[in-house]
Amino acid sequence: MSDRLEELRRRHASAEAGGGEERRARQHKEGKLSARERINLLLDEGTFEETDKLVRHRSRAFGMEDQVVDGDGFITGYGLIHGRPVYVFAQDFTVFGGSLSETNAKKIVKIMDLALKTGAPVIGLNDSGGARIQEGVLSLAGYADIFLRNTLSSGVIPQISAIMGPCAGGAVYSPALTDFTFMVDGTSYMFITGPDVIKTVTHEDVTKEALGGANTHNSVSGVAHFLAHDDAECLRMIRELMSYLPPNNRDDVPRQASTDPVDREDPALDSIVPSASNLPYDIKDVIHRVADHGEFFEVQEHWARNIVIGMARMDGRTVGIVANQPAFLAGCLDIDSSVKGARFVRFCDAFNIPILTFEDVPGFLPGTAQEFGGIIRHGAKLLYAYAEATVPKITIVTRKAYGGAYCVMGSKHLRTDVNLAWPTAEIAVMGPEGAVNIVYRREIAAARTPEEQDAVRRSKTEEFRERFANPFVAAEHGFLDDVIEPRQTRPRIIRALRLLETKVDTNPRKKHGNIPL
């Protein structure tokens, strides 16, 4: 018995040592934590239960039989975050560069299957050189097995990916299939083909950082959702995100005790929208003034900044917020913002998170680049997502709501439950200036001088604004439930959310719809 205990202890120590102290020191020198250090920071202290710690690879080619490490470079298991179960895997770059093998892929598949059965989130901490070349198709099969679980788990349990080192080739598709991707500035990167291959094939000269670094994927491609400055901040951000999410699609969103009064009015909202409709303001100021304690956890902050998405709490309950941002591109919808908004709306709908929309949108961004890039198809994604969503939906029109963009942004016609507007709202087919040039073009042309034409245009613009560019016409038709004083926004939203807690809505029976991908 003592011999067996000694062997057990030796194997556990071997697994915990990973690639050894020298390689861990190299990780630290590069500004990266070790795989076990990352897990310890991510989970509640002392809650991690490791699985498959003694797994070994079975490769016997290329001298691999002489290179065996217990655990095979991946750490898998489960623990708690804020007292709630999660499953986690971490790639250990000190062992074979964190490469994926047949055996450690099975370790990941095992915890993903358990997570799906038990209804708990999965968090992957990626730091890997890719598929283990010595194993050939066996390592590729491991990736495909993981991709299948990512797909089957989508919309059932939250899936989080943290890129904390290299992630290249086929390895990038598992993070791409998950709900949220975190990256660390300066130490992480993602790409399908690296700089050397690109230079050989297309003769483009690009660095790893410019091609697939954290800043690139957070601000240019939109592949990543969060940017952290080091490993510790990345793990803290994941913990914060998890505080907003339910464990699965059957559970309600978490609720926290809130000391922020539910009937709190904010007089500053009455003057937050500029008197001139062509002047910008920051919609985040509205969000912070309405949310519990002013807290807003923004998602994809650096990409498609003409739309704002993220999590907040109202009355202690998680809500997903989608808001046009007048401070960028006047809040117009374009290809990137449509995709950004649509994916977030669908995530919220999948996990029972009410959707709160702040609308100030002058329309879709015009131009050949948008039309040739498929703004019709991509804009339809946002329309589809709102129409399909069955969770509680509340929309506040703060200012502009013009044309098709009015319809798209959570209008009453897309089964939104409560639609409110501020007195500053302008709801019409198009802005007064553009409408007058079309509707009154004959009257303008009949004026004899340019000065008289300008006078007619100004007069008709003011007349149009009074008659149509206000919230009262829409309210008269029941497309708005009420026009409210801006200071009343928070209490009105909370009362609506309480009313909608028991909401039940369904879609027609079908296998799935055909979203315009």
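Trainee: What should I know about the model before reading it?

Mentor: Residues are numbered from 1 along each chain as its sequence is written, and side-chain values use heavy atoms, with hydrogens and water left out. The model is predicted: local features need pLDDT of at least 70, side-chain atom pairs count only at pLDDT 80 or more, and totals for chains, interfaces and linings use all residues.

Trainee: Which residues touch the most other members of the largest nonpolar core?

Mentor: In soluble globular proteins, nonpolar side chains tend to be buried together. A nonpolar core is a set of buried Ala, Val, Leu, Ile, Met, Phe, Trp, Tyr and Cys residues joined through side-chain atoms within 4.5 Å; buried means under 20% relative accessible area (1.4 Å probe, protein chains only). Here the largest core has 53 residues, and Ile123, Leu125, Phe182 and Ile238 touch the most other members. Helix α10 (residues 231-244) supplies the largest share, seven residues; helices are DSSP runs of H or I, at least four residues, numbered from the N terminus. Another core, of 29 residues, lies apart from this one and includes Tyr281 and Phe296.

Trainee: Which residues of helix α11 are buried, and how do they lie around its axis?

Mentor: Within α11 (residues 283-290), the buried residues are Ile283, Lys284, Val286, Ile287 and Val290. They fall within an arc of 155° seen down the axis, so they line one face of the helix; the arc is that of the directions from the helix axis to the C-beta atoms. At the start of α11, a side-chain oxygen of Asp282 comes to within 2.9 Å of the backbone nitrogen of Lys284.

Note on methods:
Buried means under 20% relative accessible area, exposed over 50%, partly exposed in between (1.4 Å probe, protein chains only). Helices (H or I, at least four residues) and strands (E, at least two) are DSSP runs, numbered from the N terminus. A polar contact is a pair of N or O atoms within 3.5 Å; within protein, one must be able to donate a hydrogen and the other to accept it, and residues adjacent in sequence count only if both atoms are side-chain atoms.
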